[in-house]
Every structure is written in structure tokens, then in C-alpha cells.
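This report covers the chain shown below.

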Amino acid sequence: EDAFAEFTRWYHWQELASLCNLVVVSRIHHNADPVANEQVEACFLQVGHRVSYLHMPYLDVASTHIRAQLALREKDLPASVFAYICENGLYSSVKSR
């Protein structure tokens, strides 16, 4: 949801808004900016699309932490998570163990 408030700063955001509806995952511990969210929602409505919110439980995990673990080749990541990252090319610099 924090990234959604910055949506109008994304590369080609107008094109994305014109192509699809958007689902925003809302984290319980994040204080969203309601004014910014309303402004972005208005952009989608103007082109006939909508924004939906999916409220999820808070997970104390961040992509920054995962990238740091991968860069340092740490073994903290469960093998299944590491395999999924490699199989799906989620981080281009990751090579299998």
C-alpha cells in the first residue's frame, strides 16, 4: 500500500492505469495516506478501471532483507523459498546454490 501512494511516480503509470484494475495489498501496520490513495483511485476511475484492497496479516519480511541474504549467500532462506526465487527468476542476480 505504501507503493500505491507513489503510483503516479511510476514509469508509464497512465498506461498501466488504462490497462487494468488494480489490487492493493494493505498491510495492517502501515499507515496509508488516504488523500494520495484517493487521488490514485481517481486516475483509475477516469479510465474505467477500479482499485480494490486486499487486507492481509502483517508479515515481518521485506524484499530488501531477502536481497541482502541472497547477495551474501546466507543460508537463512528456506530451501523451498530459494528454489522458488531461482525457478521464477525473481532476482536476476541469483544463481542456484
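Where does His-49 lie? His-49 is placed in the loop between α2 (34-46) and β2 (51-56); helices (H or I, at least four residues) and strands (E, at least two) are DSSP runs, numbered from the N terminus.

## Basis

This is a predicted model, in which local features need pLDDT of at least 70 and side-chain atom pairs count only at pLDDT 80 or more, while totals for chains, interfaces and linings use all residues. Residues are numbered from 1 along each chain as its sequence is written, and side-chain values use heavy atoms, with hydrogens and water left out.

## His-49

His-49 is buried, at a relative accessible area of 17% (buried is under 20%, exposed over 50%, partly exposed in between, with a 1.4 Å probe and protein chains only).

The His-49 side chain reaches the backbone oxygen of Ser-18 at 3.0 Å. Its side chain also makes a polar contact of 3.4 Å with that of Asn-21 (a pair of N or O atoms within 3.5 Å; within protein, one must be able to donate a hydrogen and the other to accept it, and residues adjacent in sequence count only if both atoms are side-chain atoms). Beyond neighbours within four places in sequence, the residues in contact with His-49 (heavy atoms within 4.5 Å) include Ala-17, Leu-19, Cys-20 and Phe-44.

## Gln-39

Gln-39 belongs to helix α2 and is exposed, with 52% relative accessibility. Its C-alpha atom is 9.8 Å from that of Phe-7, 32 residues away along the chain.

## Whole chain

Four helices and two strands make up the secondary structure, in the order α-β-α-β-α-α from the N terminus. Of the 97 residues, 25% count as buried.
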